[in-house]
Structure formats: structure tokens, C-alpha cells
Amino acid sequence: MAKKRPQTKAKRPQLSDAEIPVVGAREPCPCGSGRRYKACHGRAAQHAVTELVQRPFDGLPGECDWVALRELVPAATVELTLKGGLPEGVPSVTLATVLPMAWPALRRDDGSVLLGLQNDTASGDISRDLADTLQRALAADPGTPVQSRRAPADGPRLQELLDAEGAFEPVVHPGFEFWVPDAENATPEVTASLERANAAAIPTVRLTGVDAAYWCETPDKNHLRWVMPHPEEQLLDALARLHAAGRSNLGEGTRLVGSFRAHGLTVPVWDLPSGVSAEDIEKPAAEFAERLSGALATDAPLTPDERRARGGLTNRQVTLS
């Protein structure tokens, strides 16, 4: 029996990872491996899109306020400063906690842009998703909303689009009237959305004497929620030292009750009596900031009482993101 002659295969051109196009999950991978795309380069592409970024706002001015506006504050706006200035025909770019009908962004009739912050995102990097939405809003026709989509895995992040030296100064609003410059001529859909949003908004005030601390009013009691930039373990140790010493409150009738975790930062939370206003808590918050600064500078091992206090604080943590 005659031997079969070995067949030679033409070599496929070698493509770099960046040159391999995206195809259907069940199609052959364009790299020529013979495997389906989802089991080859599609796996890395999907991982790049879904990998969670723990601190998506790290490196932006006002990181703590970004977290607060994303998770805690109902109605607020911030004027954003873009690198290189505003494009022609765009008089302003404004970050908003929420937009009508949960639009990711809106290009108004006058060309200005509203960028919504409290929206579901398709990837694990909120910064990249928001940057993609912002770029599309800047190019959208005036008078049109921007729909959601999955941002390209290699697209820019907010840190690449916003001026790192620009101010980040949130303005907290009692309601969502900032949505429409002329409420009388708003569409019925926007009007209905505005009414629903206003009905659900919790009265909130940003303190002026300390950074990223927000007072809010609820039917039974008020709260102070304070987003802090310190590493979590160091902050919990410091809070435990103050708690064990009876110095973690903000005045009579107030109590440090626990904390949130949100986007890589820790948010201590205090219960306040219902009669305590945001103005009332300004001075106690500033005094607490001084006590916390001293506790953060201490590196001595925790005492037994402090360890118990830390355990209690840790058990009362709630992760928001």
C-alpha cells in the first residue's frame, strides 16, 4: 500500500491580539487557531470588558463626591471641565445624578450635555462606560438622548477626558427641576418622570465644613453619610479607637452605626435625632475630623476594647458596589 505523502499547509499570517477582529461567539476565531472565538480570543476580550474596577473614580478630582453622587445623593449636578476645553457648539457639560427616563445622557436643544451617573453599566468599569456615553453625547444631534451600550474594551476612561485640575463642586438640589429649563413645555413623559423622581427624593444636604459628607432626612431619624478617602483597614482601626473611647459620636443623641463600602471607599454612617439639621452637624463634623486625623496617625496595636469595637463596626458594614 502506497504511503500517503504528507500535506503541507500554507502558513496563515500572524496577527497581533490588537489586530484580531470581533466575530460571533460560535464562529472560528480569526487568529486561525481552529477554536471558536468564545473559547479563544473572545475569552480575553470578554474578560477585559467585564473585569471589575474596584475604584473607577480614582484619579478624578473629587473621587469621594463621585462615589456619593453615584450611590447616596438623589438630586445633584456638577459642571465638568474637559481636557482641551469644550467642543464647538457645546456650551457646557454637566454631570447629573439621574436623568429623565434613566437616559445615560442628553444633548439639549442648545447643545449642552447632561451626563447621567446613576445608571446601570454594561462593563465592570464605570469610568469607561461613562466616558463612552460622554463622547457619544458630545457628537449627538441637539435635542436627543443617548442610549446605553457596551463600551469598547479599549475605549478611553473619564480620567482621559476630564481635566485633572478642574474643580469638582457638587450642587445638591431639592428636586429634579434641573432636568428641564422650561418645565411648562416639557413632554408628558418627562413631566411624569419628574413627578415620580421628586416624590421619591430624600432631602439631602452636602456639608460645607468637611469634604464629601451628606446629611439626609428620613421619616424616623436623620443620617450623616460621609465618604472617606482613607484605606479601609486603617480607617476602621481609627474609627474603632474613637468608638472604644466614646469619641465617635457627633453630639448628644448621635451614634456611629456602621459603614457602607462603595467603589473602593468606605462610608461611615451616623444616626442623628430627627431634629438635628445639616447646619447643626457642621461644627461636630469638623471636630470629629480633627479627632479622626489623630486616630489615623496612631499605629499602636489595638487594645482588647478597640478590637471589640472594630469587630462591631465590621459586622455592620454593607457593600453597595
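Start by selecting R136, which counts as partly exposed at 21% relative accessibility, where partly exposed lies between buried, under 20% relative accessible area, and exposed, over 50% (1.4 Å probe, protein chains only). This is a predicted model, in which local features need pLDDT of at least 70 and side-chain atom pairs count only at pLDDT 80 or more, while totals for chains, interfaces and linings use all residues. Residues are numbered from 1 along each chain as its sequence is written, and side-chain values use heavy atoms, with hydrogens and water left out.

A salt bridge here is a side-chain nitrogen of Lys or Arg within 4 Å of a carboxyl oxygen of Asp or Glu. Both D132 and R136 belong to helix α3 (residues 126-139), where they sit four residues apart, about one turn of the helix; helices (H or I, at least four residues) are DSSP runs, numbered from the N terminus.

Now select D237 and R310, whose side chains meet in a salt bridge of 2.5 Å, N to O. Because D237 lies in helix α6 (residues 232-244) and R310 in helix α8 (residues 304-315), the pair ties together parts that are 73 residues apart in sequence. D237 is partly exposed at 24% relative accessibility, whereas R310 is buried at 16%.

In the whole structure, a search finds 14 salt bridges.

Technical notes
Helix = DSSP H or I, 4+ residues; strand = E, 2+ residues; numbered from the N terminus.
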